[in-house]
Number of protein chains: 2
Amino acid sequence: MKVNVMSDILKANDLLARDIREMLERRRIVSWNVMGSPGSGKTSVLEKLIPLLPRTVKSAVIEGDLATSRDAERIAKIGIQTTQINTRGACHLDAAMVRSAIERIELDNLKLLFIENVGNLVCPAEFALGETGRIIVSSITEGDDKPIKYPSMFKTAQLVFLNKIDLLEQTDFSTANFTKGLKRINPKAELLEGSARDGKGMNELVKWIVDRLL
Amino acid sequence: MKVNVMSDILKANDLLARDIREMLERRRIVSWNVMGSPGSGKTSVLEKLIPLLPRTVKSAVIEGDLATSRDAERIAKIGIQTTQINTRGACHLDAAMVRSAIERIELDNLKLLFIENVGNLVCPAEFALGETGRIIVSSITEGDDKPIKYPSMFKTAQLVFLNKIDLLEQTDFSTANFTKGLKRINPKAELLEGSARDGKGMNELVKWIVDRLL
């Protein structure tokens with residue numbers, strides 16, 4: 001019974017996600033489901049990335065959190081349309097939450113929609129949000145074993161942005177181990193590295209995003 | 001229907017957790033549910049902590065992960081009974097998993113049982129495992145806003161161990177902000193800080209654990 005109910009929920013979510021994806025594609029809006037552990041730097045990366053995008057690329061951000069509107073306030077400061085979703089305990093966003101957030105966003109001329117999921121390396125993987133693709137922000141301070149320990153998440157990503165590399169010398173992190181693990185779980189995922197703190201690697205991330213605009 | 005099913009699952013889990021708790025108490029075994037984000041340092045803290053405990057304090061560890069037996073192998077190296085649970089996708093341990101792990105542990109003369117949960121700041125909060133109490137390992141590299149952003153988890157902890165403070169000067173982490181947030185969410189939680197990497201704060205953690213033995 002538990003399994004059936006879960007499968008019904010996922011099916012309903014997938015149908016709604018498909019509607020969202022089609023609507024966004026019609027409007028030529030590319031959307032990225034930004035996922036990662038709590039504190040991996042998802043909001044910080046968006047704060048650094050968005051001001052570096054070409055002025056003509058209009059962006060919006062949906063922020064998903066269990067509680068607080070902290071992340072939306074941070075994004076709003078860079079002058080971008082932002083909508084906060086509080087999941088009130090739920091460990092991931094779902095398509096219904098994203099649909100209601102999209103209704104509050106001015107979509108005309110929008111080119112990019114970032115959907116920052118709840119900080120969690122497990123549950124968000126199962127729920128399609130109508131996104132074009134998925135970006136995982138993984139920080140080196142979490143250790144180099146994360147892809148093999150959280151495979152369900154890492155196998156769904158188009159891009160992994162390895163964050164906080166400014167701390168590389170102060171940790172035991174091995175980029176080779178991380179890369180090897182990621183390749184095993186998801187050979188197609190691309191990997192970029194940098195730091196939202198000192199801005200390293202941000203230009204490569206900008207290029208990656210711009211190359212995929214519609 | 002979704003809600004009813006979830007509430008039935010939680011009720012069945014709570015009953016089983018109560019049985020485990022009573023069995024452990026009869027044997028005067030103290031058990032700690034060790035929780036935290038992926039890569040916060042749960043295993044590293046246990047690796048440092050356990051060898052510092054008095055030789056008479058026999059300990060065992062249950063390791064919960066989605067995949068791999070990496071963490072159990074790390075703990076086994078320090079010469080401690082260890083059992084790995086692979087949740088195969090589930091985002092948290094539950095009491096049934098813990099019961100089956102306990103069946104594989106030699107309980108005679110055991111004083112301490114550490115149950116390392118799946119790295120996740122949301123889902124493990126809802127599932128009692130029969131533990132005496134809960135310890136959250138939170139690392140400063142995750143940022144100082146974690147208690148207010150993940151309140152359901154932080155409000156259930158007896159102790160928060162703030163890890164990776166050796167990186168304090170390389171981050172923007174404010175201990176004052178973290179402490180303020182934690183006090184707001186859970187005024188009774190105790191806070192210790194240190195680093196599994198350089199061993200700082202480990203003696204205080206040992207004392208905290210030893211003071212609570214039965």
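This is a predicted model: local features need pLDDT of at least 70, side-chain atom pairs count only at pLDDT 80 or more; totals for chains, interfaces and linings use all residues.

Me: Thanks! What makes chain A as compact as a globular protein of its length?

Reply: Let's begin with its parts: chain A has eight helices and seven strands. Its radius of gyration is 17 Å, and the globule rule gives 17 Å for 214 residues, so chain A is as compact as a globular protein of that length. The C-alpha atoms fill a box of roughly 50 × 45 × 30 Å along the principal axes. Buried residues make up 58% of the 214 residues.

Me: Why is Ser31(B) called buried?

Reply: Buried means under 20% relative accessible area. Ser31(B) has 0% relative accessibility, so it counts as buried. This residue is found in strand E1 (residues 30-35) of chain B. Leaving aside residues up to four places away in sequence, Ser31(B) touches Leu24(B), Leu113(B), Gly130(B), Glu131(B), Thr132(B) and Gly133(B).

Me: And Arg88(A), how do you know whether it is buried or exposed?

Reply: The word exposed is used over 50%. Arg88(A) has a relative accessible area of 75%, and therefore it is exposed. You can find Arg88(A) in the loop between strand E3 (81-86) and helix H4 (95-102) of chain A.

Me: What is the phi of Arg88(A)?

Reply: Arg88(A) has a positive phi of about 50°, although it is not a glycine. As background, most residues other than glycine have a negative phi.

Me: Now for Lys164(B): which label does its relative accessible area give?

Reply: Lys164(B) has 13%, and the limit for buried is under 20%, so this residue is buried. Lys164(B) lies in the loop between strand E6 (159-163) and helix H7 (175-185) of chain B. Its phi is positive too, near 65°, and Lys164(B) is not a glycine.

Me: What area is buried between the two chains?

Reply: The size of an interface is often given as the accessible area lost when the parts come together. Between chain B and chain A, about 3,000 Å² is buried, and carbon and sulfur atoms give 60% of that area.

Definitions and conventions:
Residues are numbered from 1 along each chain as its sequence is written. Chains are lettered from A and ligands numbered from 1 in the order in which they are written. Side-chain values use heavy atoms; hydrogens and water are left out. Helices (H or I, at least four residues) and strands (E, at least two) are DSSP runs, numbered from the N terminus. The radius of gyration is taken over C-alpha atoms; the globule rule is 2.2 Å times the number of residues to the power 0.38. Buried means under 20% relative accessible area, exposed over 50%, partly exposed in between (1.4 Å probe, protein chains only). Buried area is the accessible area (1.4 Å probe) that two parts lose on being put together, summed over both. Contact means heavy atoms within 4.5 Å.
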